[in-house]
Amino acid sequence: MSTFQDLGLNDDLLQAITDLGFTKPSDVQQKAIPTLLAEERDLVALAQTGTGKTAAFGFPMLEKIDINSRTTQGLILSPTRELCLQITAELKLYGKYCKGLNVAAIYGGASITEQAKQVKKGAQIIVATPGRMKDMISRKLVDISKIQYSVLDEADEMLNMGFYEDITSILSHTPDDKSTWLFSATMPREVASIAKKFMYDPIEITVGNKNESTKNVSHEYYLVNARDRYLALKRLADANPDIFSVIFCRTKRDTQKVAEKLVEDGYSAGALHGDLSQNQRDLVMKAFRNKQIQMLVATDVAARGIDVDDITHVINYQLPDEIETYTHRSGRTGRAGKTGVSMVIVSKSEVRKIKSIERIIKKQFEKKNIPSGMEICKVQLMSLANKVHNTEANHEIDSYLPSINELFNNTDKDELIKKFFSVEFTRFFNYYQKSKDLNVSDSGGDGRDYSKSSNDTRYFINVGRKDGYDWMSLKDFLKEVLELGRDDVFKVDVKDSFSFFNTEKENEQKVLDFFTDFKYNGRFVNVEISENKGRSGGKRRDRDRGRRRNHDKPKGERRSRRSKDTGERTTNKRRRSSVSNRPRRSRRK
Ligand code: AMP
């Protein structure tokens, strides 16, 4: 096993390494540092966050640049502001004994003038996010025409975020003979093509298996109906009273919505996504680090660069589109020698993805049941009992004891304990005593029993295939105009000139109000409640002539009727509400 001394680093860097308490180089450092020190070569390294990759490119760059010069010689591109700041801070620590070293961080959401000043001071190294970097180049606030080393950090993530054009444009301002070092957790085609385009004969190093998950993380999945996702999330949180977690959603909107719901329901939660201002994101992260927030609901992009070590659980509220992203997510827990759990809430239509993830991470998932309400009550009760047991008595209470004793003079110990714990327990008990089983069996069907569900509403809508819709585009359209989440519109069944769909009952009024006065191409888009829950699904043939005729009638003449197509009964329950006076919206597809 080599030491940092063996790697050939200078005394200033070795002193900083000692100060930092690094005793031995990590795998990626052992592989990258000696090669980068010895040769002027391009490098492609497959390594995840947490492997020590910043030092793997940072030490050689610090060793090789000319500190006495004020020319910018090294450029590091990273996907997010958080990561950019993190890399800058690390480099400053590594180079703390390199007198005259200037490292400038360049990222969006902060003063460009201030950043230009930092560069002008003679920054030998610039750490930047691509968007702001491009901006500064176009304003001639930076000169990267003489750089010798460029690093593309988290290249897969930069490309995921759509920075390909920006990176290409930035690199076109750099000399051809520079060395490029690319670090990526995964190697999708796009990253391989960037390597091919910008690099010459790179050395390739891989740390561990490129997508293998950490040993310290166990993986669990919970199969529920898509519409029960949120209830399932709450139960998982309640069943783990000391949870300190990141909850991943797929979109910014879902992220915001889930966080808001959690806060409304009394959890200490916060949202982290790209629609928040930098200031808001900083506040959320600060609260999370200080553990004022127990549940951080985040998008994949925003969660990059979160450098918090003691996360107990990662919860995949929805699975990511790219299966490989799961590795990034689960890697947020089980850090710094601690164990962690990565949970996936999955609906029947997605459960096959679990198998694909298992292949990638080379680990088995355990299928677990969402705890029942009574199991949660027990966990909460015992957690409270343990907390009370471990609490040191506060003797400030001593002087009040006589009065309290007097109050409980006739209460025996068991009764007193019951009363004491009821203060907290009853809240959970009342909430959960009539709660349903959220688990879905994984055999056959689509996992939903519409015939039994009384909690959702089925609607008729007078648009269909003839209007250019299929079930996916109609679902998207409804979600968008009604401002509902991706699981909130379901069982979409498109016929030739009309369709059916379901929402939770709680959204019924919203749906009916919205379509009270909604016109498209001079024609009212009509939505009515259907009495059938949609058990018959979309397999019947289209026989909608009668309905078509009916809808040609003026609005007032429409009556409750039975669809010839599906036998679903509809009632004209549209309500004219206060909303009906709002301007008519044009339909977007
Ligand atoms: P990174 O993968 O660059 O994000 O590094 C993850 C963390 O590991 C950072 O906090 C580094 O300071 C730390 N680190 C880097 N190299 C070593 C090392 N050889 N020994 C111990 N910790 C390290």
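Author: Let us begin with helix H6. The cover over the buried residues of H6 includes strand S2 (74-77), strand S3 (103-106), helix H5 (112-120), strand S4 (125-128), helix H7 (155-160) and helix H8 (164-171). Helices (H or I, at least four residues) and strands (E, at least two) are DSSP runs, numbered from the N terminus, and contact means heavy atoms within 4.5 Å. The model is predicted: local features need pLDDT of at least 70 and side-chain atom pairs count only at pLDDT 80 or more, while totals for chains, interfaces and linings use all residues. Residues are numbered from 1 along each chain as its sequence is written, and side-chain values use heavy atoms, with hydrogens and water left out.

Reader: Which residues of H6 are buried?
Author: In H6, residues 130-138, they are Pro-130, Arg-132, Met-133, Met-136 and Ile-137. Buried means under 20% relative accessible area, exposed over 50%, and partly exposed in between (1.4 Å probe, protein chains only).

Reader: Why are they on the same side of H6?
Author: Because they cover an arc of only 165° around the axis; the arc is that of the directions from the helix axis to the C-beta atoms.

Reader: And what follows H6?
Author: Lys-140 follows, with a positive phi near 55°.

Reader: What do the buried residues of H8 pack against?
Author: They pack against S2, H6, strand S5 (149-152), H7 and helix H9 (189-198). The buried residues themselves are Asp-166, Ile-167, Thr-168, Ile-170 and Leu-171.

Reader: Turning to the ligand, how many residues surround it?
Author: There are 14, and the closest are Lys-24, Gln-29, Gly-50, Gly-52 and Thr-54. A residue is near a molecule if one of its heavy atoms lies within 4 Å of it. Helix H3 (53-64) and helix H4 (81-94) each supply at least two residues of this shell.

Reader: Finally, is Arg-281 buried or exposed?
Author: Arg-281 counts as buried, because its relative accessibility is 16%. This residue lies in helix H12 (residues 278-289). Leaving aside neighbours within four places in sequence, Arg-281 is in contact with Glu-82, Leu-272, His-273 and Leu-276.
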